[in-house]
Amino acid sequence: QVQLVESGGGLVQAGGSLRLSCAASGRFSSYTMGWFRQAPGKEREFVAAITWSGSITYSADSVKGRFTLSRDNARNTVYLQMNSLKPEDTAVYYCAADLRSSSGYTTPTNYVYWGQGTQVTVSA
């Protein structure tokens, strides 16, 4: 019954913006949720994570100052606002849920559930 559905990906020019959404359903043992991305020929990379309250967020150095995480617990949805996009941001973006522990939030194997991914393409 657990499901994560990403949306909001698309094609944009460098310097543009996109907002990704992750709608979650089901029961989770942890409320921390994360975003990862995977570009062609590369390993899955941590982007950002957010706690239940939304007061604590974690971001990779490559996206700090450009990407912002937020969540609407009433809608059980997490948002990733991406600004000042660069061609190197091109990747499939994945939403992940149910962190196994409070530490290691940058490691994909520490999350139990994953969405299907949404493609983000940034042209020069």
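Lys and Arg count here as positive and Asp and Glu as negative, whereas His and the chain ends are not counted, and the place of a charge is taken as NZ of Lys, CZ of Arg, CG of Asp or CD of Glu. On this basis the chain carries 11 positive and 8 negative side chains, with the centres of the two sets lying 4 Å apart. The structure is a predicted model, in which local features need pLDDT of at least 70 and side-chain atom pairs count only at pLDDT 80 or more, while totals for chains, interfaces and linings use all residues. Residues are numbered from 1 along each chain as its sequence is written, and side-chain values use heavy atoms, with hydrogens and water left out.

In secondary structure, the chain has 0 helices and 11 strands, where helices (H or I, at least four residues) and strands (E, at least two) are DSSP runs numbered from the N terminus. The pattern read along the sequence is accordingly β-β-β-β-β-β-β-β-β-β-β. The radius of gyration of the chain is 13 Å, close to the 14 Å that the globule rule gives for 124 residues, so the chain is as compact as a globular protein of that length; this radius is taken over C-alpha atoms, and the rule is 2.2 Å times the number of residues to the power 0.38. Along its principal axes the C-alpha trace spans about 40 × 30 × 25 Å.

Buried residues make up 42% of the 124 residues in the chain, where buried means under 20% relative accessible area, exposed over 50%, and partly exposed in between (1.4 Å probe, protein chains only). The chain exposes about 6500 Å², of which carbon and sulfur atoms supply 47%; these areas come from the Shrake-Rupley method with a 1.4 Å probe, and for residues only the protein chains shown count as cover. Among contacts (heavy atoms within 4.5 Å) between residues at least 6 apart in sequence, 56% join residues at least 24 apart.

Strand β3 (residues 18-25) contains L18, which is buried, with a relative accessible area of 14%. Beyond its neighbours within four places in sequence, L18 is in contact with G8, G10, V12, L80, Q81, M82, L85 and V120. L18 and N83 are 65 residues apart in sequence, yet their C-alpha atoms are 6.7 Å apart in space.

A pair of aromatic rings is described by the distance of the centres and the angle of the planes. Rings of Phe, Tyr and Trp (its six-membered ring) pair if their centres lie within 6.5 Å, and planes under 30 degrees apart count as stacked, over 60 as edge-to-face and the rest as tilted. By this rule the count comes to 6 aromatic pairs. The rings of F36 and F46 have their centres 5.6 Å apart and their planes at 70 degrees, so this pair is edge-to-face. Since F36 lies in strand β4 (residues 33-38) and F46 in strand β5 (residues 45-50), the pair ties together parts that are 10 residues apart in sequence. F36 is buried at 0% relative accessibility, and F46 is also buried, at 10%. One aromatic cluster is formed by F36, F46, Y58, Y105, Y111 and W114.

Most residues other than glycine have a negative phi. N76, although not a glycine, has a positive phi of about 55 degrees, and this residue lies in the loop between β7 (67-72) and β8 (77-82). D98, likewise not a glycine, has a positive phi of about 65 degrees and lies in strand β9 (residues 91-99).
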